[in-house]
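Trainee: Could we go through this model together, one question at a time?

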Amino acid sequence: MSSSSSRPGLRSWLSSNGRLEFCVTLFSVTLLTGACVALILVPRNVGPLQLATDEAEVLETSEVIDHPRLSPVRRDLQPYGPILVREVAAGDADEALLVAHPSHRADLDVLEAQLGPAVSQVSAVWGTEWNRAPVVVVAGSPAEFIALTRSAGISAAADVAAVSLSGSYVPGTRPTDQRIVFNPDARRRLGAEGLATLLRHELTHIATRAETVDGAPLWLVEGFAEYVAQRDRGATFSQIAPTLTTRLRAGTVPADLIADADFAGVDAAYAYESAWAACAFLADRYGPTALTTLYKRLATGPQSGAAQDSAFAAVLGASRAELLDGWRAWLRGRAV
Ligand SMILES: [Zn+2]
């Protein structure tokens, strides 16, 4: 996923229109990680939350489920046929709403089973002060995916696995109208395990949105989301970061933290893996709490190199050089 900050044109479009903030995830990234999941069997980490579900099937577009939060989604979905709606209690005052057409019922089954554990896993890192009742939609077709995400200006729908959107908000307060939209092909291309990983990644963006201002360093925004998505999965380093592993084995180590511009280019998969690896290292070396503290400090907007350096010193007690040296040694030890 890349946030709007990696696309200046899009960011200015959003600003000028005052529209939804958003994040997207590219298939090119998650396909690589998703391709590995068939190799391992990870025990399901079922969280402590009780799942209570209630399904209502809408067979006529004139029939209405009385959920104000559902109205904008229903407007986009119902022209394409009947929809299924499932309510999932995941610990918040409201229920999360899972929505798809009957053709994607299997996707809803996966998301319904995974939402509670995913919310628990995000909360384990971030705490519980976030909107744990988003609207989660599986688009039924590329056209529908575009309709559901048009406020984010997505054009290359086939390459985007999922999008998280948040309505307008005042920084520091809880965002409203938060929505995750999955590409219709996401489960087919990523598998159920990949879909669950993607859900955790997107939920992390939902959780952190209130404290994340556009322009924040992407290595931290995307790396943190992927760290949370991967941390309980039990996958190996090379399974999570195959491109990075290949380069490390060839003797190439990162010269610096990955730059924002690299998330939008042809090397996006490497950028996401590198960002994940940076955050995984920070959590491993300094602890998950320090990583979260660093996130909250640096996600407040664009950060100069000097501002990042002072955050490293204040939060981690390390200079950039010490951090990078430690990271490179950590990477070398994992790419054998
Ligand atoms: Zn992302």
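Mentor: We shall talk about the aromatic rings and then about a pair of helices.

Mentor: This is a predicted model, in which local features need pLDDT of at least 70 and side-chain atom pairs count only at pLDDT 80 or more, while totals for chains, interfaces and linings use all residues. Residues are numbered from 1 along each chain as its sequence is written, and side-chain values use heavy atoms, with hydrogens and water left out.

Trainee: How many aromatic pairs are there by the rule for rings?

Mentor: Rings of Phe, Tyr and Trp (its six-membered ring) pair if their centres lie within 6.5 Å, and planes under 30 degrees apart count as stacked, over 60 as edge-to-face and the rest as tilted. Under this rule, the count of aromatic pairs is nine.

Trainee: Why is the pair of Trp 126 and Phe 224 put in its class?

Mentor: The ring centres of Trp 126 and Phe 224 are 5.8 Å apart. Their planes stand at 65°, so the pair is edge-to-face.

Trainee: How many residues apart are Trp 126 and Phe 224?

Mentor: Helices (H or I, at least four residues) are DSSP runs numbered from the N terminus. Trp 126 belongs to helix H4 (residues 105–126) and Phe 224 to helix H7 (residues 218–230). The pair thus links distant parts of the chain, and the separation is 98 residues.

Trainee: Which charged residue has its end over the ring of Trp 126?

Mentor: A charge sits over a ring if NZ of Lys or CZ of Arg is within 6 Å of the ring centre and within 35 degrees of the ring normal. Here the charged end lies 4.6 Å from the centre of the Trp 126 ring, and the residue is Lys 296.

Trainee: How are helices H9 and H10 placed relative to each other, parallel or perpendicular?

Mentor: Helix H9 (residues 242–249) and helix H10 (residues 268–286) pack with their axes 8 Å apart, at an angle of about 85°. Axes are lines fitted to C-alpha atoms, for helices over the stretch in contact, and angles run from 0 to 180 degrees between N-to-C directions. Angles under 35 degrees count as roughly parallel, over 145 as roughly antiparallel, 65 to 115 as roughly perpendicular and the rest as oblique. H9 and H10 are therefore roughly perpendicular.

Trainee: Over the face of which residue does Arg 247 lie?

Mentor: Arg 247 is at 4.2 Å from the ring centre, and the ring is that of Tyr 270.

Note on methods. Helices (H or I, at least four residues) and strands (E, at least two) are DSSP runs, numbered from the N terminus.
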